[in-house]
Amino acid sequence: MQLPLQRLGSGQAKRRQGGLRHLEVKDYQPLVKVVNAWFGGRHVSYLLQRSFFEHFRPTSFAIEKEGEILGFLIGYRSQTITNKAYIHFVAINPDYQGQGIGRRLYQHFFEGAIKLGCTEVSAITSPVNKKSIAFHTHMGFEILPGDAEVDAIPNFV
Ligand SMILES: CC(C)(COP(=O)(O)OP(=O)(O)OC[C@H]1O[C@@H](n2cnc3c(N)ncnc32)[C@H](O)[C@@H]1OP(=O)(O)O)[C@@H](O)C(=O)NCCC(=O)NCCS
């Protein structure tokens with residue numbers, strides 16, 4: 001999915017829940033233990049690598065309240081196409097979904113990407129993750145053509 005940054009919407013987070021900070025290496029172990037549950041039981045923890053927490057720190061964020069991470073985003077600027085930024089992973093604790101945390105993380109990432117000279121943001125999600133597709137579409141992303149289809153949704157295999 002892709003979003004040209006000049007088409008950014010103006011939606012606002014519903015209410016500010018917790019403080020936003022960079023993701024740190026110390027966050028890897030606690031988060032890798034909970035992400036499968038945050039994805040409703042899907043096995044996604046293999047998508048998190050400790051190295052991402054170390055090397056993508058400048059463009060990866062957590063929202064934390066009283067020492068507990070409510071949601072986080074791992075992203076980076078492309079090393080190859082330097083006007084492109086990429087969101088690799090986003091997850092919000094189910095107890096806090098639908099409260100504007102995803103939007104806040106994305107908006108913060110977009111602002112940082114613009115400062116780095118990016119004009120487009122891409123994100124990846126699974127064709128089975130209808131909620132994520134709905135969230136990204138709502139945030140202004142368009143689904144890109146893939147090399148296959150699952151449930152009529154373009155997919156890369
Ligand atoms: C998908 C996810 C990241 C969204 O984060 P969130 O904090 O729940 O979303 P927000 O409350 O910030 O919603 C932001 C906007 O998207 C909209 N939105 C969120 N989920 C939506 C859905 N399922 N359908 C339609 N719109 C949706 C909200 O209405 C809101 O709109 P507004 O700001 O204009 O009022 C979160 O639900 C999540 O972590 N899900 C499980 C893990 C997952 O699927 N991650 C994505 C994998 S790529």
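Modeller: Start with a definition: two strands pair if DSSP finds at least two bridges between them. The model above is predicted, and pairing can be read from it in those terms.

Biologist: What is the bridge partner of Phe72 in S5?

Modeller: The general idea is that strands of a sheet pair through backbone hydrogen bonds, in a parallel or an antiparallel sense. Here, Phe72 has Ala91 of S5 as its bridge partner. The strands concerned are S4, residues 68-77, and S5, residues 84-92, which pair in the antiparallel sense over seven bridges.

Biologist: In which sense do S5 and S6 pair, parallel or antiparallel?

Modeller: Parallel, over four bridges. Tyr86 has Ser122 of S6 as its bridge partner. S6 also takes part in an antiparallel pairing, with S1, through three bridges. There, Pro4 stands opposite Glu120 of S6.

Biologist: What is the order of the strands in the open sheet?

Modeller: The six strands are ordered S1-S6-S5-S4-S3-S2, and the pairing is mixed. Strands S1 (2-4) and S2 (19-22) are the edges, each pairing on one side only. From one strand to the next, the twist averages 25 degrees.

Biologist: Which residues of S6 are on its covered face, and which on its uncovered face?

Modeller: In a regular strand, side chains alternate between the two faces of the sheet. In S6, Val121 and Ala123 form the covered face, while Glu120 and Ser122 form the uncovered one.

Biologist: Which strands does helix H3 lie across?

Modeller: H3, residues 101-115, lies across S2, S3 (61-65), S4, S5 and S6 (120-123). Relative to S4, H3 runs at about 30 degrees.

Biologist: How many residues does the largest nonpolar core have?

Modeller: In soluble globular proteins, nonpolar side chains tend to be buried together. The largest nonpolar core here has 31 residues. Those with the most contacts inside this core are Phe61, Phe72, Leu73, Ile87, Leu105, Phe109 and Val121. At least two core residues come from each of S3, S4, S5, H3 and S6, and S5 supplies the largest share, seven residues. Take Phe61 as a case: leaving out residues up to four places away in sequence, the residues that Phe61 touches include Leu20, Phe72, Leu73, Leu105 and Phe109.

Biologist: Is Pro30 buried or exposed?

Modeller: Pro30 counts as exposed because there are 10 C-beta neighbours inside 10 Å. Pro30 has its place in helix H1, residues 28-38.

Biologist: Which residues come nearest to the ligand?

Modeller: Ile92, Gln97, Gly102, Arg103 and Ala134 come nearest, out of 20 residues around the ligand. S5, H3 and helix H4 (130-138) are the elements giving two or more residues to this shell. H4 gives the most, five residues. By class, the shell has eight nonpolar, ten polar and two charged residues.

Methods. Residues numbered from 1 in each chain as written. Predicted model: local features only at pLDDT ≥ 70, side-chain atom pairs only at ≥ 80, totals over all residues. Axes fitted to C-alpha atoms, helices over the stretch in contact; angles between N-to-C directions. Contact = placed C-beta atoms within 7 Å. Buried ≥ 20, exposed ≤ 12 C-beta atoms within 10 Å, placed from the backbone. Near = placed C-beta within 6 Å. Nonpolar A, V, L, I, M, F, W, Y, C, P; charged D, E, K, R; others polar. Core = buried A, V, L, I, M, F, W, Y, C linked by C-beta atoms within 7 Å.
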